[in-house]
Amino acid sequence: MKSIKTILNGLLYENPTFILLLGMCPTLATTTGVSNAVGMGLSAAAVLICSNIVISLLRKLIPSKIRIAAYIVIIAGFVTVVQMALEAYLPGLYESLGLYIPLIVVNCIILGRAEAFASKNSVWLSALDGLGMGLGFTCALVLIALVREVLGAGEILGMSIFPEAWNFQPASIMLLAPGAFLTLGVLLGIINAVRGRGGKKNA
Amino acid sequence: MKTSNPVVLALVLFLITAIVTFALAFVNSLTEPVIAMNTEQKITEAQQAVLDADEFSDDFDTSNIRLSETGVSVDALKLGFTDGECVGYVVTTTCSEGYGGDIQVMVGINNEGGENTVNKIEILSLSETPGLGANAQKDTFKDQYGGKEAGITVKKGGGAAGNEIDAISGATITSKAVTKAVNAALEAASGVVVSSDFTESVESESEEPESTEPESVESESAEPENADIGDAVPVEVGEKAEVE
């Protein structure tokens, strides 16, 4: 029961992008297309699960005074592994994600979950937390990327979706940085409006 | 673990870093050869896509090539052979004047009767804006270069004719940078025959034997091939220069 709750927590109630507002830099930068968003989300999820597991395993061994340094080393290690693996086995994805892979190191979702969850919970729950948070991050990225790719390029996964007869003119601004802010802002507004209905009573 | 003994702290952190380092070294040893193979394969595929030739020579030394324009450099130059005859060049150039930095372009150049024309181009790397400059990777843009000769110019707003290409809408800077790279490639290719200091570099580079047999001594562009046959070189280069 607690396992399911932990996963749902990351996916919905504490969605890292839409609720916790963590990891905004990769969110804004890599959501120009759905394929990039999936790649970034899953790479971050892989790192998150691995780092959560290892940090949870070592949580009793790492002295609290040097825990941040230890977490960063572990996370950076996993990120580098992911980077090398992507470059070797998925070069296409590696090229389009480029600079953002090393940026996973400083993605505050990962350090945040290490500090807030993995350092206090069992290995199993930490792994599930990593899975939930990683999938939550991926879903959020895909949602933003979907909006941007459809409006900005008229495509989904690089395939044109509008019939030519419509003469759809894509708004390139949606693919540029302002489009990322616009999309994120509108989506956050919608989510807050939906949440506000149920949440106000408790607040 | 609660301790504030600095020696223990340092030791624990050292252990963690050491383990991570070894793990990374291990993964690197697994992936490095694959990455190197990928890069090589990508270049091989690209050169076969840009020039219709059976065999390609090794890279020539391009350090002596001097281009008339700045902001662009030649990274690699090869010859393509079909049935032992040189049919053209594959030149890789980098233009640093893209909107998002360097753009590396591989240009296949046909050489027919001494005339150099672009066969096809391939963008090897670029970091242009997705949806705008990155559209330079689309065939509709790249195919425009086919058949063009040196001195290609960019036309804004469509309707390119003659030796012009249509700029990508909203990405004139990218279009100009790619064009500059292509022009530089054509210039470098023409230098293979004309420039005397380049032929020197061809000589010095030709120590390793090429797979292609130099049977086409009389053919119009066989000169860099002949560089392989040691003493024949000066004569052949001289003849070549006259012909051109």
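The model is predicted, with local features needing pLDDT of at least 70, side-chain atom pairs counting only at pLDDT 80 or more, and totals for chains, interfaces and linings using all residues. Residues are numbered from 1 along each chain as its sequence is written, while chains are lettered from A and ligands numbered from 1 in the order in which they are written. Pairing requires at least two bridges found by DSSP between two strands. Helices (H or I, at least four residues) and strands (E, at least two) are DSSP runs, numbered from the N terminus.

Within this pair, V74(B) stands opposite T93(B).

In chain A, helix 7 (residues 108-118) has as its buried residues I109(A), I110(A), R113(A), A114(A), F117(A) and A118(A). Buried means that 20 or more other C-beta atoms, placed from the backbone, lie within 10 Å of the residue's own. These residues cover an arc of only 135 degrees around the axis, so they lie on the same side of helix 7 of chain A. The arc is taken from the directions from the helix axis to the C-beta atoms. Their cover includes helix 3 (34-57), helix 4 (67-89) and helix 8 (123-153) of chain A.

How values were computed:
A residue is buried if 20 or more other C-beta atoms lie within 10 Å of its own, exposed if 12 or fewer, and partly exposed in between; C-beta atoms are placed from the backbone. Two residues are in contact if their C-beta atoms, placed from the backbone, lie within 7 Å.
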